[in-house]
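Work through the exercises below with the model open. Try each task before you read its solution.

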Amino acid sequence: MDRESATLLATVCALLADSAKPLPDDTSLEKLLDRLTEFSEAGVSLPDSCPCLLDFISTIASNSTSDPSIRSFALKLSGLLAATEDGYRALQERSVLDIIFSVQRWKDTELWDDPCIRIGWIHGLKRMLLHPKALAFFVQSGFITPLLQLQSDPSMFVASAANQLLAHILLAIQPENKEHANIKTNTEHSRVVLQTTDHIKESLVPKEGTLAAGSLQVLKLLALILDQARRPLRDQLLMALAASLEELAEAAYSQMTPALMDVIMAGYSPDSDDVTSRLLSSMLNVNKPADLVQAAAAFLHQSHSCASSDAANIRQAVRILLLPLHFVTGHPLLGTGMKCTSKQSDRCNPSLYSKIFSAPSADTAIMTAQLKNKSTFISMICVCLRNTPQVALMPPGILPCLPAMIVLSVVTLLRICSGDASTSSSSSSLDGCKNEVYRCIVNCGKVQKSALEALASLSSSPGADSTMNEVSEILVHYMSNPDSDPTVLQKSYKAFVQWTSVWTDLSFISQQLREDLFMGVEKRACDPRWEVRDSTIEFLGQLHCVPTRKSADSALLSERLTAPLLREALQDSESYVRASAVSALARGFRSFVPDGLQGTELSQEQTDTVGRLLKILCEDTEGFARRAVVRYFMTWLSSCSSPPSSPPSLLLESVRVVLSRGSLDLDWEVKVNTLELAELLLDAAFSDHGRCTGAENHPYATFSTHANGQARAGDAALDSALSSLVDQGVFSVLLSGLVDCDRPVALKACELLIRIRETIYGTADVMSVSCELPEWGWGKEIRKMLKNEGDKGQRVSVCEVLTSLALDERRVLLSQSSDYVHNSFQSLLQDILSAGVTLGDAGKDGGQEVIVDCY
């Protein structure tokens, strides 16, 4: 830290310590703390280089009238300094740590009720605990008691921070391994573990009349600790909490199921018979189907692998997740039955689940509640659907049915959701209560979306190709349904594209189904809802990305039919739809505008399409539509087999317009895309030359008029290429971009100009190539940089421009973020001081609030 910054910091500390003066906002203080943290982490000794910080902390520690935000800042700053040896020693010598972190003192001054004090206390301690001596200070000071109390703080941010700090402390005091347990563990550390364990045990099970939020917070804490704890700490916690955890599992608090499963999986080991193994068995055998499904999903999600030692639990979880689909659709997904591995065999008996999902009866109140609680039933089905793709990839020894059967069950569910009550198998256990179940899921958008997402993912499951007919029919049905919700329709399109990408032959799709598909798409392209039109046009474009088939006859939709829809969408009233139409045309551009480079004859429709695209670029009010147009011509140009040449083609003429209009656009992304189009022209022009290998070492070398007395081979061709770039307007676009106010644009232009300079370095023939600078705008800026403002309108040598613009220095400057220029440490300190002075003046005059710019 330089002397000027240290002086400014001392002035800032004096301002902050003066309780009579107005203060800057909290964001400024956080920025200041971040900067000081950066200095400390870089090895700067803050107590030595900035003794004013120690004076500031001492002043705040003895002052009872400071603002709470300043006190919170002082707590965090104390932790930052105490994290280093010199800072910890200096603060201890001043007896500051005992005072400023004393909870009783904060309570006596009635400031502990302010959340910012509590959060400052937690953050300061957490930072200080990076120092090895700080842990002993924490334990000896008895800070564990207030920290445990903060676990249930009414402020969510305070409780969460306290949670993290307590976990950090417990993990810090655990022995490195079991053999060294007696060496490292001491009485004070054991007391911390015991107090923490007692607190968790006391708070784990909700008491009568209390909210479950406290228990959820404790479960989060326990999962956090167990995830990183080693033995013996892990075993000690689990043994002490076993009874409470089992009570919580048996109580079946639905809202706690995910958090409880996080705890179980954090401490679970498949090759041991410990507390978590028993808890898992209990959770996979609860009576509430919704809780059971959630537990199975959590276990399957976190098990990650099908270890042979855990195959039984994984097999049971898979069956649980298939149960709802099995009973709702009637497909035999469970094979010959479910074998129970738990001692509680009555709980995992298939007949119990049959009752739960079968007709209501007076004897099965749990089943009645399940079916009549629509939201719970729907959530359960959606959880199952989200996990079906993972379930379908399970090995045969785990999966009780063929993966294709799972696909068919999802198809059947989609049919039921659409109102087709005849699709359920006659063997379905739902025969007695179909009306109850259908009441829940028919036309349910949530189930439809989940089922369509599952179906899309199932396209990669083994044996999925055997379900092609059923899948294509249901998807076309949903895409043709006028009542489909826009999001449901979009997911239907996505699933269809996903499946077509894995179908190697589309001949199985009947002509009638193709006609239904086109009629549905045609109607949706004219839907009054713009979201429907937009997703439909996107779908048409995505179909062109599907891998090429063996023959054009196997295409799903005739390009002769889809092209008019895309062209019409170019004139849609909604800009999102126009942009999607442009992107769709780019994906299938060969069908709509063929290679027009060498004078290829184009139809009137194809010419009109190009005209509409250029009109969008020139007139559309939305940037994303204009960006799509530039990318369209990039796609067209990059696909051409040869670079642009004479005679002028439609593409070449259009590219000139795009370069001219795109470089003047108000949207910086349009300008960057335009520069990328210019880069494609550079690639084409210099494709046979590449970069001069010595150019990087001679960025400012003048361009030689001789090369050993003779022009190098190919110089004439390079001269022609550079002249062509000037004529096409590429060089003008790069120069205008170089002085653009948007940094990404200027940086891109600078890099491309450097590339040209390196390519033509040392070439004699290019000395004659020149370009004209306009009298206004970017031309004036370039002349100013070249210091020839008097030569307005005069042509300038390209080589002179490239060597006189200091492009390398400019690239370095442009590569730095704006923070590099404006957000220095000194500027931050000056802003804090200025804000203090301004706020003081405003307070005297009754002025209005001043907002500090903290970058």
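Predicted model: local features only at pLDDT ≥ 70, side-chain atom pairs only at ≥ 80, totals over all residues.

Residues are numbered from 1 along each chain as its sequence is written, and side-chain values use heavy atoms, with hydrogens and water left out.

**Exercise 1. The whole chain**

Solution: 
- Start with the elements. Helices (H or I, at least four residues) and strands (E, at least two) are DSSP runs, numbered from the N terminus.

**Exercise 2. Helix 1 and helix 2**

Task: Work out how helix 1 and helix 2 are oriented to each other, and list the residues that make the contact.

Solution: 
- Take the geometry. The axes of helix 1 (residues 3-17) and helix 2 (residues 26-41) come within 13 Å and cross at roughly 140°. Axes are lines fitted to C-alpha atoms, for helices over the stretch in contact, and angles run from 0 to 180 degrees between N-to-C directions.
- Classify the angle. Helix 1 and helix 2 are therefore oblique to each other. Angles under 35 degrees count as roughly parallel, over 145 as roughly antiparallel, 65 to 115 as roughly perpendicular and the rest as oblique.
- List the contact (heavy atoms within 4.5 Å). Helix 1 brings Leu9, Val12 and Leu16; helix 2 brings Leu29, Leu32 and Leu36.
- Sort these residues. Six are nonpolar, with no polar and no charged. Ala, Val, Leu, Ile, Met, Phe, Trp, Tyr, Cys and Pro count as nonpolar, Asp, Glu, Lys and Arg as charged, and the others, Gly among them, as polar.

**Exercise 3. Helix 29 and helix 30**

Task: Repeat the analysis for helix 29 and helix 30.

Solution: 
- Helix 29 (residues 511-524) and helix 30 (residues 530-543) pack at about 135°, axes 8 Å apart. The two are therefore oblique to each other.
- Leu517, Val521 and Arg524 of helix 29 meet Val532, Arg533, Thr536, Phe539 and Leu540 of helix 30.
- The contact residues divide into five nonpolar, one polar and two charged.

**Exercise 4. Helix 35 and helix 36**

Task: Give the angle between helix 35 and helix 36 and the contact residues.

Solution: 
- Helix 35 (residues 623-638) and helix 36 (residues 650-662) pack at an angle of about 145°, axes 11 Å apart.
- Val630, Phe633, Trp636 and Leu637 of helix 35 contact Leu650, Leu651, Ser654 and Val658 of helix 36.
- Seven contact residues are nonpolar, one is polar and none is charged.
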